[in-house]
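This report goes through one protein chain part by part. Please keep the sequence and the model in view while reading.

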Amino acid sequence: MIFAVLALLLANVVSRAFGRPLIWTDELAVYLMVVGAFSGASLGIAKRHHLAVTLLADRLGPAARTNLLRVVDAVLLAILLVFGMTLWNWFDPPGVMAAENMSDYARESFNFLYQEPTTTLGIRKLWFWLIMPLFCVAGLIHVLARFGQPAPDPLR
């Protein structure tokens, strides 16, 4: 994903140098960066590779450090559940399924998620926003899987 963003931005620089800018490359690069960030965040949750401030954890003993990791997992689970509820409200699957057509749904609910096109690409933003529910489900699976495992190694 990062290589694609780099290639798009480089193509835009070269095309501008020749006086024929590819305007859509900036927008696509932004959306691909967002998709890459959510994908990377999910992987970071799975492997516990996110940045962390360890001032407190470094001063705790092994048992307390393990308990702290469990608390962090519980907080992360709560955050992902709230994010999931927010996404459920935003994507509104029951409302979409009950709607006769998407134009009427958007007009009645003021939810233009399924209708709004990108500025320069001309495709629906929905295709890029779908990474958020995927991230949320994957993150929930990773965090919930930790609760069924033995206590994590506090030194890792």
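Helices here are DSSP runs of type H or I with at least four residues, numbered from the N terminus. Arg48 sits in the loop between H2 and helix H3 (55–59). The model is a predicted one.

## The nonpolar core

The largest nonpolar core contains 26 residues. Leu80, Phe91, Leu113 and Tyr114 are the residues with the most contacts inside this core. At least two core residues come from each of helix H1 (2–17), helix H2 (24–47), helix H4 (62–91), helix H7 (126–129) and helix H8 (131–147). H2 gives the most, with seven residues.

What does Leu80 contact, once neighbours within four places in sequence are left aside? The list is Ile45, Phe135, Cys136, Gly139, Leu140 and Val143.

## Ser39 in helix H2

Ser39 is part of helix H2. Is Ser39 buried, partly exposed or exposed? Its relative accessibility is 35%, so it counts as partly exposed, because that class lies between under 20% for buried and over 50% for exposed.

The side chain of Ser39 reaches back to the backbone oxygen of Val35, at 2.8 Å. An α-helix has 3.6 residues a turn, so residues three or four places apart point the same way. Ser39 and Ala63 are 24 residues apart in sequence, and their C-alpha atoms are 32 Å apart in space.

Arg48 has a phi near 55°, which is a positive value in a residue other than glycine. With a relative accessible area of 31%, Arg48 is partly exposed.

Phe110 is not a glycine either, yet its phi is positive, at about 60°. Phe110 follows H6 and lies in the loop between helix H6 (102–109) and H7. With a relative accessible area of 67%, Phe110 is exposed.

## Thr118 in the loop between H6 and H7

Thr118 is also placed in the loop between H6 and H7. Its relative accessible area is 4%, so Thr118 is buried.

Which backbone atoms does the side chain of Thr118 approach? The backbone nitrogen of Leu121 is reached at 3.4 Å, and a polar atom of the side chain lies 3.0 Å from the backbone nitrogen of Gly122. Not counting residues up to four places away in sequence, Thr118 touches Glu27, Tyr31, Ile123, Lys125 and Phe128.

## Aromatic rings

Seven aromatic pairs are found in a search of the whole structure. One of them is Trp90 with Phe91, an edge-to-face pair with 5.3 Å from centre to centre and 70° between the planes. Trp90 is partly exposed at 31% relative accessibility, whereas Phe91 is buried, with a relative accessible area of 8%.

Phe91 also pairs with Tyr114: the ring centres are 6.4 Å apart and the planes are at 80°, so this pair is edge-to-face. The pair links distant parts of the chain, with Phe91 in helix H4 and Tyr114 in the loop between H6 and H7, 23 residues apart. Both Phe91 and Tyr114 are buried. One aromatic cluster is formed by Trp90, Phe91, Tyr105, Tyr114 and Trp129.

Technical notes. Residues are numbered from 1 along each chain as its sequence is written. Side-chain values use heavy atoms; hydrogens and water are left out. A nonpolar core is a set of buried Ala, Val, Leu, Ile, Met, Phe, Trp, Tyr and Cys residues joined through side-chain atoms within 4.5 Å. Buried means under 20% relative accessible area, exposed over 50%, partly exposed in between (1.4 Å probe, protein chains only). Contact means heavy atoms within 4.5 Å. A polar contact is a pair of N or O atoms within 3.5 Å; within protein, one must be able to donate a hydrogen and the other to accept it, and residues adjacent in sequence count only if both atoms are side-chain atoms. Rings of Phe, Tyr and Trp (its six-membered ring) pair if their centres lie within 6.5 Å; planes under 30 degrees apart count as stacked, over 60 as edge-to-face and the rest as tilted.
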